[in-house]
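Let's take a friendly walk through a protein model, with an eye on its aromatic rings and its nonpolar cores. Have the 3D view ready as you read.

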Amino acid sequence: MKAFRLDELEAERAANDGAYLQFLRERNMSVGLYALDAGDFDPQKPHSQDEVYLVVSGRASLTIGLETTQVARGSVVYVPAGVAHKFHHITEDLRVVVVFSPPEG
């Protein structure tokens, strides 16, 4: 079994000075923690994997293709592979668990 605590993952991510921390990688998926602070710019480019976002905390808009939705704690959003997407208008520090399938990279 592999088990994780979000507070420990956040501390590790912050200690490594990165917006993204991959904390699980398996044959068919990878999982990471993505962090954007209020007012930040999201530099993402489309990925070649499907993604699922689970918003752990914060508030923002998320545009996927031509559609925009508001996300906050508890939001779960699917992003198809190859589709442009970005978080924007981040009004509260955003922490998102990201699941890639197949694994990222």
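This is a predicted model: local features need pLDDT of at least 70, side-chain atom pairs count only at pLDDT 80 or more; totals for chains, interfaces and linings use all residues.

Residues are numbered from 1 along each chain as its sequence is written, and side-chain values use heavy atoms, leaving out hydrogens and water.

Rings of Phe, Tyr and Trp (its six-membered ring) pair if their centres lie within 6.5 Å; planes under 30 degrees apart are stacked, over 60 edge-to-face, and the rest tilted. The count here is five aromatic pairs. One of them, Y34 with F87, is tilted, with 6.4 Å centre to centre and 45 degrees between the planes. Y34 sits in strand β2 (residues 30–36) and F87 in strand β6 (residues 85–101), so this pair ties together parts that are 53 residues apart in sequence. Strands (E, at least two residues) are DSSP runs numbered from the N terminus. Both names return in a single aromatic cluster of Y20, Y34, Y53, F87 and F100.

Y34 is buried at 8%, and F87 is buried at 2%.

A nonpolar core is a set of buried Ala, Val, Leu, Ile, Met, Phe, Trp, Tyr and Cys residues joined through side-chain atoms within 4.5 Å. The largest one has 16 residues, and F87 is among those with the most contacts inside it. Strand β6 gives the largest share, six residues. A second, separate core has seven residues, including L9 and V97.

Technical notes. Helices (H or I, at least four residues) and strands (E, at least two) are DSSP runs, numbered from the N terminus. Buried means under 20% relative accessible area, exposed over 50%, partly exposed in between (1.4 Å probe, protein chains only).
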